[in-house]
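Hi everyone, thanks for making time for this one. Let me put the structure up, and then I'll walk you through a few of its contacts.

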Amino acid sequence: EFLANMSHELRTPMHAILSFARMGIKAIDKWPKEKQVENLGLIQESGQRLLELINNLLDLSKLESGTLEFQMEIHNLKDVVESVTKQVTTLTNDKNITLTDRSQEADFTTKLDKSRITQVIWNLFSNAIKFTPEGKEIHYSIAIEHIDATKFLKFEVTDQGIGIPEDELASVFDRFIQSSKTKTGAGGTGLGLAICKEIIEAHNGNIWAETNRFGGASFIFTIPLVLLQ
């Protein structure tokens, strides 16, 4: 199953790279500059997808073997989220999607690995944007939640996309698994959410998905709020 999934996911962008490169070589003296730039952009896009897949595999391998090191330092989760929202602006602008912040007013400072939590938040935002139709809204929030006398930071992103069937809410976090609604849609490797789960659990947190009554899905994670002295 692993080989079948990987051979497909690796070959698809690789074939695109080779095909666009072959066409570009043949038409090097015929195509106008704009067409050549467009062709190179498609090669770059396929190469980026291939690199993302390889990076995901390496991350997953390190997480499984326990060799991925976490740099736990003091950071404000709100700053991390705001940094990601700025990075996804081009994606939301392309689809005329509105990002709305519904966060509490509070201090969200705790110990976390900034790079890895950024990776999780980026993945959740990019998925929400990918599966949300043009002109719709995505809202997100950070809050402090008490669970069994322990304080947690809770991050939630909610889209107006195609949603996830109730019986698939847990399995979308399994490796190489995608929702039946997204397999033939915008695509994906089925590794991103699995890696998110590993990262959040390494922070002694929890991550899950919910289906919204009026359509779309919510992805939520909680990590412990470490009280600073």
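Two strands count as paired here if DSSP finds at least two bridges between them. Keep in mind that this is a predicted model. With that rule, strand S5, residues 150-158, pairs with strand S7, residues 217-224, in the antiparallel sense over seven bridges. One of the partners to look for is Phe155, which is bridged to Phe221 in S7.

On to the neighbour, S4, residues 137-147: nine bridges join S4 to S5, and the two strands run antiparallel. They form a hairpin with two residues between them, and Asp148 in the turn has a positive phi of about 50°. Ile147 has Thr150 in S5 as its bridge partner. There is also a salt bridge between the side chains of Lys154 and Glu145, at 3.4 Å from N to O.

Now the helices. H5, residues 114-130, packs with H6, residues 192-202, at an angle of about 145°, and their axes are 10 Å apart. The crossing is left-handed. By class, the contact of H5 with H6 has eight nonpolar, four polar and one charged residues.

Arg116 is among the H5 residues that meet H6. So what does Arg116 form with Asp59? A salt bridge, with the closest N and O atoms 3.3 Å apart. Asp59 sits in helix H2 and Arg116 in H5, so this pair ties together parts that are 57 residues apart in sequence.

Definitions and conventions
Residues numbered from 1 in each chain as written. Predicted model: local features only at pLDDT ≥ 70, side-chain atom pairs only at ≥ 80, totals over all residues. Heavy atoms only, no water. Axes fitted to C-alpha atoms, helices over the stretch in contact; angles between N-to-C directions. Helix = DSSP H or I, 4+ residues; strand = E, 2+ residues; numbered from the N terminus. Left-handed = near helix turned anticlockwise from the far one by under 90°. Contact = heavy atoms within 4.5 Å. Nonpolar A, V, L, I, M, F, W, Y, C, P; charged D, E, K, R; others polar. Salt bridge = Lys/Arg side-chain N within 4 Å of Asp/Glu carboxyl O.
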